[in-house]
Amino acid sequence: MTTALLVIDVQDSFRDQPSWASISNPGIAADAARLVEHARAAGDAVVWVLHAEPGSGGPFDPENGLVRLQEGLEPRAGEAVITKSSHNAFTTTDLERRLVQAGVRTLRLAGIRTEQCVETTARVGSDLGYDVEVVLDATATHPLALHDGSGTLPAADVIARTAAALSGRFATITTIDEVLAD
């Protein structure tokens, strides 16, 4: 096993927020499930990553019961489920230790938010020496307010910017169909 699929933050915490109405990919759980089945069939590792903000009182506070995978996503015995409190999946978890122990060299990423937790995980993973793939159409995000208050960057533009920033530097950008064709 040299590849690990990381399913990042595809959790009910996002679905509970009003901003879910503007998510770029409301079918993200089904897309992730397709990648999970492919990874399992290929003998790749599957790692489930959840984001938590203990004590915050919000949708990411584990006390509120929303820090759980979205419907249709179910870890199997032996698949790691890790909970992070940072944007990337490495800094506040034992992910790197698990990957090293499993002999993983390639990370395949899917999840919510393209430009936040997926991108930061890709960058840190690359810095740690992993070959990183971002399955772009198996990610999702929201429109972002521009820093100067002059408007909003549409989600499609956020995703395109993320792909441009990562491609050739920190990750290979791929699609679900390309992964499934392998």
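**Aromatic pairs.** I searched the whole predicted model for aromatic pairs and got 2. I looked at the one formed by phenylalanine 14 and phenylalanine 60: the ring centres are 5.1 Å apart and the planes stand at 80°. Planes over 60 degrees apart count as edge-to-face, so I logged this pair as edge-to-face. I then checked where the two residues sit. Phenylalanine 14 is in helix 1 (residues 12-15), while phenylalanine 60 is in the loop between strand 2 and strand 3. The pair therefore ties together parts that lie 46 residues apart in sequence.

I found an open sheet of 6 strands, ordered 3-2-1-4-5-8, with parallel pairing. Which strands stand at the edges? I noted strand 3 (80-84) and strand 8 (172-174) there. Each has a single partner strand, so one side of each is left without a neighbour in the sheet. For the twist I noted an average of 25° from one strand to the next.

Strand 8 pairs with strand 5 (residues 131-140) in the parallel sense, over 3 bridges. For valine 135 I looked up the bridge partner in strand 8 and found threonine 174.

**Helix 3.** I asked which strands helix 3 (residues 95-102) lies across. The list is strand 1 (3-8), strand 2 (45-51), strand 3 and strand 4 (106-112). Against strand 3, helix 3 runs at about 155°.

**Largest pocket.** I took the volume of the largest pocket and got about 170 Å³. The lining has 12 residues, and the closest to the pocket centre are Ala45, Val46, Val47, Gly78 and Ala80. I checked which elements give two or more residues to this lining: strand 2 and helix 3. Sorted by class, the lining has 8 nonpolar residues, 1 polar and 3 charged.

**Backbone.** I finished with two backbone entries. The peptide bond from isoleucine 112 to arginine 113 is cis, and I noted omega near -25°. I placed arginine 113 in the loop between strand 4 and helix 4 (114-127). For aspartate 9 I noted phi near 60°, a positive value in a residue other than glycine. Aspartate 9 is also in a loop, between strand 1 and helix 1.

Methods
Residues are numbered from 1 along each chain as its sequence is written. This is a predicted model: local features need pLDDT of at least 70, side-chain atom pairs count only at pLDDT 80 or more; totals for chains, interfaces and linings use all residues. Side-chain values use heavy atoms; hydrogens and water are left out. Two strands pair if DSSP finds at least two bridges between them. Helices (H or I, at least four residues) and strands (E, at least two) are DSSP runs, numbered from the N terminus. Axes are lines fitted to C-alpha atoms, for helices over the stretch in contact, and angles run from 0 to 180 degrees between N-to-C directions. Contact means heavy atoms within 4.5 Å. On a 1 Å grid over the protein atoms alone, a cavity is a set of points where a 1.4 Å probe fits but cannot get out, and a pocket is an open set with protein on both sides within 12 Å along at least five of seven lines; lining residues have an atom within 4 Å of a point. Grid points are joined across faces, edges and corners, and a volume is the space filled by probe spheres set on the points. Ala, Val, Leu, Ile, Met, Phe, Trp, Tyr, Cys and Pro count as nonpolar, Asp, Glu, Lys and Arg as charged, and the others, Gly among them, as polar. Rings of Phe, Tyr and Trp (its six-membered ring) pair if their centres lie within 6.5 Å; planes under 30 degrees apart count as stacked, over 60 as edge-to-face and the rest as tilted.
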